[in-house]
Amino acid sequence: MTYQLYRNTTIGNTLQESLEELMQYGQITPGLALKVLLQFDKSINNALATRMKSRLTFKAGKLNTYRFCDNVWTFMLNDVEFREVQEVAKVDRVKIVACDGKNVGDDIARR
């Protein structure tokens with residue numbers, strides 16, 4: 001299964017808006033738009049898994065809620081401190097969605 005979490009990012013939303021516009025003008029079919037989105041999902045997951053070099057650590061003041069559903073963990077944290085080498089960022093609230101990247105495969109054939 002290829003996760004579609006990154007469709008809600010700026011680049012994912014922009015891609016979807018562009019595909020919708022192309023479909024409205026009849027320049028691409030809905031089937032082609034879906035194939036592009038599926039390739040985006042696969043590519044962004046692969047890029048993040050293989051090209052990311054930096055590590056980030058965090059310390060939460062309080063775990064507000066957590067949930068595990070369909071192999072996806074969701075954590076809601078309060079008073080969180082993020083660290084990357086010398087840089088520190090503090091936030092009041094953060095939502096972390098964690099998926100098992102080792103089992104990510106290509107689900108295009110199943111659709």
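Which backbone oxygen does the side chain of Asn45 reach? The legends below answer this and look at a few neighbouring topics. This is a predicted model, in which local features need pLDDT of at least 70 and side-chain atom pairs count only at pLDDT 80 or more, while totals for chains, interfaces and linings use all residues. Residues are numbered from 1 along each chain as its sequence is written, and side-chain values use heavy atoms, with hydrogens and water left out.

**View 1. Asn45 and its contact with Asp41.** The side chain of Asn45 comes to 2.6 Å from the backbone oxygen of Asp41. Asn45 sits in helix α2; helices (H or I, at least four residues) and strands (E, at least two) are DSSP runs, numbered from the N terminus. With a relative accessibility of 16%, Asn45 counts as buried. Here, buried means under 20% relative accessible area, exposed over 50%, and partly exposed in between (1.4 Å probe, protein chains only).

**View 2. A salt bridge between Asp41 and Arg7.** Stay with Asp41, and you will find its side chain meeting that of Arg7 in a salt bridge, at 2.5 Å from N to O. The pair links distant parts of the chain, with Asp41 in helix α2 (residues 30–51) and Arg7 in the segment before α1 (10–24), 34 residues apart. A salt bridge is a side-chain nitrogen of Lys or Arg within 4 Å of a carboxyl oxygen of Asp or Glu. Asp41 is buried, at 2% relative accessible area, and Arg7 is buried as well, at 12%.

**View 3. A network of Glu81, Arg83 and Lys90.** Salt bridges link these three residues in a network. Glu81 meets Arg83 at 3.1 Å, N to O, and also pairs with Lys90, where the closest N and O atoms are 3.9 Å apart. Glu81 is buried, at 15% relative accessible area; Arg83 is partly exposed, at 40%; and Lys90 is exposed, at 66%. The structure holds three salt bridges.

**View 4. A nonpolar surface patch.** Leu63, Tyr66, Phe68 and Trp73 make a nonpolar patch of about 440 Å². Patches are made of residues with over 30% relative accessible area and no salt bridge, like charges being joined within 9 Å and nonpolar side chains (Val, Leu, Ile, Met, Phe, Trp, Tyr) within 5 Å. Accessible areas come from the Shrake-Rupley method with a 1.4 Å probe; for residues, only the protein chains shown count as cover. Strand β1 (residues 57–69) gives the most to this patch, with three residues. Tyr66 lies in strand β1 and is exposed, at 56% relative accessibility.

How values were computed. Polar contact = N/O pair within 3.5 Å; in protein donor to acceptor, adjacent residues only side chain to side chain.
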